[in-house]
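Okay everyone, let's get going. Have a look at the model on the screen, and I'll talk you through one part of it.

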Amino acid sequence: MQWDKVKNILLVILLVVNGFLLGSLILRQAGTDMQQQALLEDIRVVLRQYGVECGKGLRIPAQRGMLALEIDRSRTAEEAFARAVLEGTVERVEREDGETVFTGGNGSVSWRPDGTVNAVFRQEGAVVPGSARGMEKSASELLAACGVTLKGSKVEADLEAGEAVLTATVGGLPVFNRRLTVSWQGEGQTAVAGQWSFGTPYATTADRERLCSAEAALLQVARGETGQGKVGRIDTIELGYRMDAGAGARLLLSPFWRVETDRGTGFVDALK
């Protein structure tokens, strides 16, 4: 009997504690929403001075410390990718502009210094998948066989376009132009195109994080300083990276804001 009373008391205590935690979470979220709303209203006032409106879905990301990252270009992994899809004797040619071209009996694969890959090849008995799920499965199997790491990646198919696109994040952030598109062109022919990298991104010891402000990026867009010209509405803003050729045999991941406006997609250097 005594133990039943103790259990009831413990149950009441747990319910009270859970209620307190839930209430604290609700209040914290409400406070965050109010801060976001106040910040958005301040930004709306500033942007209107430039004749720019805020889209209904616009959210302002918090400031975040960022720095540029580097990835060592792996010629070995690029060659392994090519040999995984090419048949027969594979010839390798290094061009003066840094492009490497592999040619086999069933197609060719080329890699450029900025990680751009273009591959077109025939596969015996290959058929166009008849569903989006089938495309995603076939693309995943093909890219995995080519040495592409699928952990932490996402494959999405477009059945009407007949293609599947692989993307992956770095540190939880998107790399806007790092993607591989697998397309099926009929009669056993398959193509892989896009930009990709092998290996782990790293920062040099001399680099220091710099705060990236969404507000500053929005102001640049409103002033027409991003190459888009005059915009009338800003719909979304997202922080991520863009990949390009770096010094030597390296690829560079630079922090950028991706901004969607009524004039399309624009990018703002987050470190400037």
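Predicted model: local features only at pLDDT ≥ 70, side-chain atom pairs only at ≥ 80, totals over all residues.

Residues are numbered from 1 along each chain as its sequence is written, and side-chain values use heavy atoms, with hydrogens and water left out.

The protein chain has 4 helices and 15 strands; those are DSSP runs numbered from the N terminus, helices being H or I with at least four residues and strands E with at least two.

Now, how many residues of strand S5 are buried? It's 4 of the 5 in residues 100-104, so S5 is largely enclosed by the rest of the structure.

What sits beside it? Strands pair if DSSP finds at least two bridges between them. On one side of our story, S4 (residues 91-94) runs antiparallel to S5, with 4 bridges joining them. Arg92 stands opposite Phe102 in S5. The hairpin of S4 and S5 has 5 residues between the strands, and Gly98 takes a positive phi near 95 degrees there.

Then comes S6, residues 107-111, also antiparallel to S5 and joined to it by 5 bridges. Here Val101 stands opposite Ser110 in S6. S5 and S6 form a hairpin too, with 2 residues between them.

Definitions and conventions
Buried < 20%, exposed > 50% of the residue type's maximum accessible area, 1.4 Å probe, protein only.
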